[in-house]
Amino acid sequence: MFETIIGLEVHVQLNTKTKLFCSCPTSFNHRQNTNTCPTCLALPGALPVLNEEVLHKSIQFGTAIEATINQVSYFDRKSYFYPDSPSAYQITQLYTPVVEHGKLRIDLEDGSHKIVRINRAHIEADAGKSIHDGEISKVDLNRAGTPLLEIVSEPDMRNAEEAVQYLKKLHSIVRYIDISDANMQEGSFRVDVNVSIRPKGDEKLYTRVEIKNINSFRFIQKAIEVEVSRQIEAWEDGTYDEEIIQETRLYDANRNETRSMRGKEEAADYRYFPEPDLKKAVITNEMLKTYSQIPELPDQKAKRFVEEFGINEYNASVITSTKETAKFFEDMMEEGISAKNAVTWLTVELPARFSGGMDITTSPVDAKKLATLVKRIEDKTISGKAAKEVLDYIMQNDEDIDTVIEKLGLKQVSDTGAIEAMVDEILSKNQDKVEEYKNGKEKLFGFFVGQVMKASKGSANPQAVNEILKQKLS
Amino acid sequence: MQIDDQLLTRLETLSMIRIDERKREEIIEELSEFLNFADNLKELDTSGVDDKFAMDDAPTSLREDIPSCNTEISESILKNAPQSDEDFFIVPKIIE
Ligand SMILES: [Zn+2]
């Protein structure tokens with residue numbers, strides 16, 4: 001039996017307004033090479049000046065993962081030559097990072113939890129982008145010098161599920177504290193996975209393989225699974241030492257395999273040394289105090305939802321997994337509806353109607369509307385079944401809930417007089433069945449309910465129908 | 001530390017430059033001279049000195065997060081690039 005060892009490195013692009021060491025804007029989708037200046041283009045004589053907001057966001061992150069925040073940290077220079085890095089080096093923090101020794105609690109499918117240790121989080125500058133086009137490459141340096149926080153876990157995860165849960169929790173936290181857009185497709189949350197295997201019980205760490213730049217949680221899961229199989233097969237075939245080498249591999253989603261990025265390894269020699277253009281970064285006590293203020297985190301929010309609204313832990317963790325969903329739920333609760341109904345309509349009925357990449361942030365039905373719909377079930381204006389029809393309708397049409405209920409004729413009849421009249425009519429039409437019922441054929445009760453509901457075209461309140469029928473038949 | 005032909009080849013790879021065959025001898029000599037000069041520093045006894053020691057112990061200054069952008073500068077940088085097209089810098093094909 002084998003055990004899988006996984007460590008994760010995540011590059012989170014910080015959502016500051018300006019770059020790490022210069023005042024160039026960081027915005028996406030600007031025309032190529034417009035957000036550049038002598039500093040981020042590394043022209044001779046230009047010097048870096050640290051963006052205070054980067055320290056702020058790093059401190060917030062450190063606080064969120066209960067880490068040590070180094071009030072004095074240092075920058076180091078990592079040398080490598082690549083056309084999208086004009087300076088031919090990257091400024092990073094190798095020896096004394098701003099954040100160290102944190103932890104993250106992850107939620108597993110069986111309801112249990114696990115603590116994953118975070119080794120460090122350090123500040124570094126991003127590179128530009130290049131587009132390959134035949135015999136040339138086009139370089140856009142708008143992104144060069146954008147601040148990144150590289151978050152490095154300990155190798156504490158033992159399977160793909162744990163790795164994905166760690167990433168989801170991390171993703172959720174950085175969005176809750178609003179230090180990053182954390183958009184995997186746009187590259188503001190980039191994941192590198194380190195994977196190795198060992199026979200169960202063995203304490204030693206074997207050769208780890210790094211899989212780079214996988215841009216969805218689903219592909220990360222698959223990439224880990226397929227890489228683990230490759231390593232186990234090599235072990236079992238007796239070719240582990242030749243085939244499994246410390247290297248960087250890419251995941252090919254089409255073929256569902258990892259592939260070696262040959263050639264890069266030989267040249268790697270980063271010749272790190274203390275960055276001579278920057279002095280130490282100091283966080284004063286005052287900065288530490290002010291900047292460690294963070295909003296409520298997903299775990300805290302989930303705990304509060306359980307206590308305040310009496311929902312179960314599982315539902316609470318689903319609702320708090322993104323801050324948008326949590327906000328939606330809280331907004332629904334403002335309308336004074338039952339938490340149980342809010343959970344069902346928010347986590348089951350609404351998402352079931354999402355199409356074409358729609359999600360809670362782009363839902364055509366907002367929290368107030370959905371809550372109003374739930375309220376109309378609770379005050380017995382409509383039945384649960386009718387509410388589903390109303391939801392179908394308002395997903396397509398931006399109209400007022402009460403107007404839609406009227407328009408679709410779904411208003412439930414709770415007026416006992418009207419229901420009594422219908423019940424009387426059904427009973428007189430079916431006197432033979434009433435006899436049978438009175439003689440003990442109690443199954444017929446369902447038949448009467450059905451007939452009344454049918455007569456009302458589904459608009460009668462079933463509870464009222466039940467009660468009145470019981471009275472009349474007794 | 002001495003520079004030899006093998007180390008020079010390694011440095012060529014790392015910095016992606018090609019050194020002319022006729023110049024190798026001269027460059028090896030020059031680089032060795034630099035290193036020997038730096039070796040002078042070894043004469044100092046630094047055993048009691050913190051490895052984070054800096055001549056200027058003041059913290060690095062911080063900048064407020066307020067964007068400013070002078071497109072004249074970026075335009076003129078692009079204009080002065082050896083090759084550019086549609087506001088991209090053009091470089092020889094990068095092999096991934
Ligand atoms: Zn700049």
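User: Which residue of β14(A) is the bridge partner of Ile211(A)?
Analyst: The model is predicted. β13(A) and strand β14 (residues 248-252) of chain A run parallel and are joined by three bridges. In β14(A), the bridge partner of Ile211(A) is Arg249(A).

User: In which sense do β12 and β13 of chain A pair, parallel or antiparallel?
Analyst: Strand β12 covers residues 189-199 and strand β13 residues 209-214, with four bridges between them. One bridge sets Asn194(A) against Glu210(A) of β13(A). The sense of the pairing is antiparallel.

User: Which residue of β12(A) is the bridge partner of Gly7(A)?
Analyst: Strand β1 (residues 2-13) of chain A runs antiparallel to β12(A), and 11 bridges join the two. Asn194(A), which has Glu210(A) as a bridge partner in β13(A), also takes part here. The partner of Gly7(A) in β12(A) is Asn194(A).

User: What is the strand order of the nine-stranded open sheet in chain A?
Analyst: The pairing in this sheet is mixed. β1 and β12 pair antiparallel, while β13 and β14 run parallel. The order is β3-β7-β8-β11-β1-β12-β13-β14-β15.

User: Which strands stand at the edges of that sheet?
Analyst: Each edge strand has a single partner strand, so one side of it is left without a neighbour in the sheet. The edge strands of chain A are β3 (68-69) and β15 (257-260).

User: With which residues is Val193(A) in contact, leaving aside its neighbours within four places in sequence?
Analyst: Val193(A) is among the residues with the most contacts inside the largest core. One of its contacts, Ile211(A), is bridged to Arg249(A) in β14(A).

User: How many residues does the second, separate core have?
Analyst: This core includes Ile319(A), Val374(A), Ala387(A) and Leu391(A). The domain assignment places domain 2 of chain A at residues 298-407. The size of the second core is 30 residues.

User: What is the radius of gyration of chain A?
Analyst: A compact globule of 474 residues would have a value near 23 Å. Of the residues of chain A, 38% count as buried. The radius of gyration of chain A is 30 Å.

User: Which residue of β3(B) is the bridge partner of Ile136(A)?
Analyst: At the interface, 32 residues of chain B are in contact with 38 residues of chain A. The side of chain B that touches chain A draws two or more residues from each of α1 (5-15), β1 (62-63), α3 (71-80) and β3 (88-92) of chain B. Strand β10 (residues 136-140) of chain A runs antiparallel to β3(B), with four bridges joining them. The partner of Ile136(A) is Pro92(B).

Notes:
Residues are numbered from 1 along each chain as its sequence is written. Chains are lettered from A and ligands numbered from 1 in the order in which they are written. This is a predicted model: local features need pLDDT of at least 70, side-chain atom pairs count only at pLDDT 80 or more; totals for chains, interfaces and linings use all residues. Two residues are in contact if their C-beta atoms, placed from the backbone, lie within 7 Å. Two strands pair if DSSP finds at least two bridges between them. A nonpolar core is a set of buried Ala, Val, Leu, Ile, Met, Phe, Trp, Tyr and Cys residues joined through C-beta atoms within 7 Å. A residue is buried if 20 or more other C-beta atoms lie within 10 Å of its own, exposed if 12 or fewer, and partly exposed in between; C-beta atoms are placed from the backbone. Domain bounds come from an automatic or database domain assignment. The radius of gyration is taken over C-alpha atoms; the globule rule is 2.2 Å times the number of residues to the power 0.38.
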